[in-house]
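Please prepare a short briefing on the fold and the helix packing of this protein. Group the points by topic and keep them brief.

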Amino acid sequence: MNTTTPTQNKKIWTLAFATALVAVLFSFMGAPFLRALSAKAKPVLFWGVGATIVAILFLVQLTLGAIYVGAVWTTLGAYNELEKRGVSWRITSLIALLLGAFFAVSCYIAVAKSSLKINLAEQLTTPILQALTQINPDEKITLEQLIQYMPGALIATLICSLAVGFIFEAKIFQLFQFKREKIISSLKWLEFRLPDQFIWLALCGFLFCVLKTEMFLNVTSAEKIKTIAINISIFSAVAFFLQGITVFEYLTRFYRVGLFNKSLTYLLIFIWLAPAVGFIGLIDYWADFRKMVRKNLSQKA
């Protein structure tokens, strides 16, 4: 799969530089570049570039940036390596997300126990607390409460990185004039549907968010269960939103919606209709809108 001609090698190194730059400057928007780099470069180059970036960010004391970039790099890299080996995308996604989260948590613990005296929790949560205070001054959220929800937010971010990688990777291959080899186990993002197990896990999370468990358990246990439930609900809501976006994109392509109307609808989705799209992603488990559209088309034919 890897190329060796001088021209192609030059393009791969250019892609590696672009990937490093975009990953550092534009968060998980570097995911499509990571997908392309992993597909065309040798593993030594891919992981070497990632390790170099993370090391540099640590050296210049951009600790949070180093942890985040490393987590996204690990997630995309692990996914691509398993994908090449023909592993099911469901298993691959789970392993990749766990490895990305493990990298972030391990680095966080290592830095917290080091002599650097860096308060990562405060650095991470202070901007979020300030933003939440401006949005809703009456709602008082403490630092401790926000830290409890960081695992769910981390998984949600890594899920977004995978989604962005799938959606825009074709554009990066076209930009660098690379041929994309087809892999049988690859996920076609327009056919993306969350597994059954995930649906029921998410529903349990939503349920325990509203269920008053302190009626059955002691206060400490009830708080722990609610914290876990909220974390599950955070990344589940993002996953359902992405499935809803997939349904919407499929329908717009199927019905050949014009670029202007499509762009306007996307603008409304990200500004106002995101909860509705997430709900569509949830009920798609039962409704299966894409199958319904194909079935109606076959009946008309």
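Which residues in helix 2 meet which residues in helix 4? From helix 2 they are A31, L34, R35, L37, S38 and A39, and they meet V72, W73, L76, Y79, N80, E81, E83 and K84 in helix 4. Contact here means heavy atoms within 4.5 Å.

This is a predicted model, in which local features need pLDDT of at least 70 and side-chain atom pairs count only at pLDDT 80 or more, while totals for chains, interfaces and linings use all residues. Residues are numbered from 1 along each chain as its sequence is written, and side-chain values use heavy atoms, with hydrogens and water left out.

**Overall make-up**

- The protein has 12 helices and 0 strands; helices (H or I, at least four residues) and strands (E, at least two) are DSSP runs, numbered from the N terminus.
- Along the sequence the pattern reads α-α-α-α-α-α-α-α-α-α-α-α.
- Of the 301 residues in the protein, 43% are buried. Buried means under 20% relative accessible area, exposed means over 50%, and partly exposed lies in between (1.4 Å probe, protein chains only).
- Taking contacts between residues at least 6 apart in sequence, 74% join residues at least 24 apart.

**Helix 2 with helix 4**

- The axes of helix 2 and helix 4 come within 10 Å and cross at roughly 40°. Axes are lines fitted to C-alpha atoms, for helices over the stretch in contact, and angles run from 0 to 180 degrees between N-to-C directions.
- Helix 2 and helix 4 are therefore oblique to each other. Angles under 35 degrees count as roughly parallel, over 145 as roughly antiparallel, 65 to 115 as roughly perpendicular and the rest as oblique.
- Helix 2 passes helix 4 in a right-handed crossing. A crossing is right-handed if the near helix is turned clockwise from the far one by less than a right angle, and left-handed if anticlockwise.
- By class, this contact of helix 2 with helix 4 has 8 nonpolar, 2 polar and 4 charged residues. Ala, Val, Leu, Ile, Met, Phe, Trp, Tyr, Cys and Pro count as nonpolar, Asp, Glu, Lys and Arg as charged, and the others, Gly among them, as polar.

**Helix 1 with helix 2**

- Helix 1 (residues 6-25) and helix 2 (residues 31-40) have axes that come within 9 Å and cross at roughly 150°.
- The two helices, helix 1 and helix 2, are therefore roughly antiparallel to each other, and their crossing is left-handed.
- On the helix 1 side, I12, L15, A16, A18, T19 and V22 meet F33, L34, A36, L37 and K40 in helix 2.
- The contact of helix 1 with helix 2 has 9 nonpolar, 1 polar and 1 charged residues.

**Helix 9 with helix 11**

- The axes of helix 9 (residues 196-210) and helix 11 (residues 259-287) cross at roughly 130° and come within 11 Å.
- Helix 9 and helix 11 are therefore oblique to each other, and the crossing is left-handed.
- D196, I199, W200 and L203 of helix 9 make the contact with L282, Y285 and W286 of helix 11.
- That contact of helix 9 with helix 11 has 6 nonpolar, no polar and 1 charged residues.

- Helix 5 (residues 89-113) has 25 residues and reaches 36 Å from its first C-alpha to its last, close to the 36 Å expected at 1.5 Å a residue. The expected span is 1.5 Å times one less than the number of residues.
- In helix 5 the buried residues are W89, T92, S93, A96, L97, G100, A101, A104, C107 and V111.
- T74 is found in helix 4 (residues 63-84) and counts as buried at 16% relative accessibility.
- Leaving aside its neighbours within four places in sequence, T74 is in contact with W47, L99, G100 and F103.

**Loop residues with positive phi**

- Q61, in the loop between helix 3 (43-59) and helix 4, has phi near 65°, a positive value in a residue other than glycine. Q61 is exposed, with a relative accessible area of 66%.
- D288, in the loop between helix 11 and helix 12 (289-300), has phi near 50°, a positive value in a residue other than glycine. D288 counts as buried, at 17% relative accessibility.
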